[in-house]
Structure formats: structure tokens, C-alpha cells
Amino acid sequence: MEVALAILVVALALGFDYTNGFHDAANAIATSVSTRALTPRIALLMAAVMNFAGALLGTEVAETIAKSIVDLGDAPAHTQLVVVLCALVGAITWNMITWWFGLPSSSTHALIGGLVGAGVAGGLGVYGSAIVDKVVLPMIFSPLVGFGLAFLIMVALLWVVKNANPSRATRRFRLAQTVSAAAMALGHGLQDAQKTMGVIVMALAAVGWAEPGEIPLWVKLAAAAAISAGTYSGGWRIMRTLGRKIIELDPARGFVAESVSATVLYVNAFVLHAPVSTTHTITSAIMGVGATKRLSAVRWGVAKNIAIAWILTIPAAALVAAVFTLLVHPFLG
């Protein structure tokens, strides 16, 4: 039973990784597509390749997910596996709901919410202080930093190029967006694929197939491939929201938004080891560059709907995971 559960969890984790890819494909390329710096298919191919590469660059975020959210302790293997299984169900459910409505919510927070909800319902402890330090605080500060940095850098850039030829400057920023979109996609793979690796290792460790926190090479490659395939399949509903509904972007603003977002992702992954939301970061950066036109240029009604989805993500995914845990645990115990 435990071996079958472990295999099911690994398969479901890769399925979540795939949904993460197409749900969050817009993070990396929506701005480049909306400004016509890249065609949609070329942008998706580039994002898929960079997602794969980014997934192989580190393991710190994966270790945070595996060891700093739910306290597995000495719980029986089947309990650990049920908790991880139900966490993934909660995360996938919320991903699909927000994808359907075209809302750029956080797959990261959906997974963390699922782990917390399933862990509590399964009778396990959660690392409250670690969740506050590595989830809640970055969830609050990353969008603020993204908005503020994007606003300030965009103001400075507008001053630098104020006397430049508009058409020539636009062409150059379109070329620059190719680089910034690639950097954003690399950061997305670095952050989001690692979260799936962490969940898979939790399942493998429960049945003695891996040591907690140690990521086997095949897990890295499988997670990288799954998120890459999901990214290439596209996420057109959310892409329209990010690329057009918040603000009409030009190449310069798209370049700044992507560059700032990528920087925030790298700092959180390599320095803070915090699993931050790529969705929150790029969305807030887009709002920041948009506000440099005028505050009314940002469609705040759309932004409000996105913010509501952000707030609901962790509790909604936790609730689904908790209910599913209570339903299936008696039959799998």
C-alpha cells in the first residue's frame, strides 16, 4: 500500500508541476508577447527551455518545502504520504479554479496552503515560525519590493531616454525584452520546479527511498521536464490578464517589469531560500511600471480581483486539502 501511495504521490506531484507550468507561463512571457517583442510560440519555447534550466540551478527552495512547512516527525509512512497526496489535491484544485477565471494566483502558496491544511487535518504539526519567516513575510514584502523597484527604475529610465528617438528606443527595448523574459523564465524554473522536488522528496523519504532534503538527480530532471512541458502548453487565459488587462504595456515597461521580477526571484532563491510567488512578483512589477504613466493607467478593478485571489489562495487550498484528508485518511490507514 505504501509503495503504491508513494508512486501515486510522485505522479500527482509531477501533474501539479505541469499545471504550475501552464498556469504560470504568463509570468515569464506575457509582457514580451503583449509588446510584440516575441511571438507567442517562440516566447513559450524560450520560457520552456529556461524553466528547465532554472530548475537545475539549486535545491535550497526544495529543502525549505521538504523540511520547513509540515513536521512529519515520527508519523507512520502512510500518514505522511496521505498528507502530501491531499496537499497536492488542494493545490491542483485551486490552480485549476484560478486558471479557469484567468486570475494570476500563486501556485507556490497553493502548495504551501495544501501542505498546511493536510498536515493539520492529518494530525501533524506545522512549523509556524518558519512559515511566517519564509512564506508570509516574503509574500507581503516581495510584491511591495517589486512594485517599488519597478516604479523607481522606470522613472529613472524614462529620464535617461527622454531625448532618445522613440522608434529606435522601442526597437532596442524589444530586443532587451528577449533577455529579460529569459531571465524571468529562468527564475520561474528556479523557484517553482524546486517546490515540486521538495514534495516528491517528502514522499520518497516516507518510504525510505531518499533522505529528507536530499534531491536525487532523477527528481530534478523529472520536475524540470514537467514544468517545462506545462509552460510550453501555454496559459492563455492568465496571459491575457497579465499582458493586457492590468495595463497596456510598452517594451520599456515590459523590460523593467521582467528585470525587477527576475532579480527578486534570484535573491529569494539563492540568498533567503524563500519560496516566493513568481506570480505576485511580476504582477506587482507590472503595476509599478504602469503607475509611472499615471495611477489611473492601472486598471485597479482587475488588480483588486487579483489581490482577492492572492488572499484566498492559502486558506482555500488548505481547506480543500484538509477536507480531502479527512475523507480519505480512514480508508488509507
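At 38% relative accessibility, valine 145 counts as partly exposed, a class that lies between buried (under 20% relative accessible area) and exposed (over 50%), as judged with a 1.4 Å probe and protein chains only. The model is a predicted one, in which local features need pLDDT of at least 70 and side-chain atom pairs count only at pLDDT 80 or more, while totals for chains, interfaces and linings use all residues. Residues are numbered from 1 along each chain as its sequence is written, and side-chain values rest on heavy atoms, with hydrogens and water left out.

Valine 145 sits in helix 6 (residues 128-160), where helices are DSSP runs of H or I with at least four residues, numbered from the N terminus. Together with Val132, Leu137, Ile140, Phe141, Leu144, Leu149 and Ile153, Val145 forms a nonpolar patch on the surface, and the accessible area of this patch is about 660 Å² in total. Such a patch is made of residues with over 30% relative accessible area and no salt bridge, the nonpolar side chains (Val, Leu, Ile, Met, Phe, Trp, Tyr) being joined within 5 Å, and the areas come from the Shrake-Rupley method with a 1.4 Å probe, only the protein chains shown counting as cover.

From the surface we turn to the interior. In soluble globular proteins, nonpolar side chains tend to be buried together. Here the largest nonpolar core has 52 residues, and those with the most contacts inside it are Ile69, Leu88, Leu115 and Met197; a core of this kind is a set of buried Ala, Val, Leu, Ile, Met, Phe, Trp, Tyr and Cys residues joined through side-chain atoms within 4.5 Å. Several helices each supply at least two residues of this core, among them helix 1 (2-34), helix 5 (107-121), helix 7 (166-206) and helix 12 (300-332), but helix 4 gives the most, with 11 residues. Leucine 88, when its neighbours within four places in sequence are left aside, is in contact with Val9, Leu12, Ala13, Phe16, Leu111 and Val199, contact meaning heavy atoms within 4.5 Å. A second, separate core has 19 residues, including Ala150, Met154, Leu249 and Ala252.

Valine 82 lies in helix 4 (residues 77-100) and counts as buried, because its relative accessibility is 0%. Although valine 82 and valine 328 are 246 residues apart along the chain, their C-alpha atoms are separated by 8.0 Å.

Helix 7 holds glutamine 177, a residue that is buried, with a relative accessible area of 0%. Beyond its neighbours within four places in sequence, glutamine 177 is in contact with Thr31, Ser32, Thr35, Ala37, Pro251, Gly254, Phe255 and Glu258.

Side chains of opposite charge can pair when their charged atoms come close. If a salt bridge is taken as a side-chain nitrogen of Lys or Arg within 4 Å of a carboxyl oxygen of Asp or Glu, the count comes to 2 salt bridges. In one of them, aspartate 192 pairs with lysine 195, the closest N and O atoms being 3.1 Å apart; both residues lie in helix 7, 3 residues apart, about one turn of the helix. Aspartate 192 counts as buried at 0% relative accessibility, and lysine 195 counts as buried at 1%. Aspartate 250 and arginine 253 also meet in a salt bridge, at 2.6 Å from N to O, with aspartate 250 partly exposed at 23% relative accessibility and arginine 253 buried at 8%.

Technical notes: Patch = residues over 30% accessible without salt bridge, like charges linked within 9 Å, V, L, I, M, F, W, Y side chains within 5 Å.
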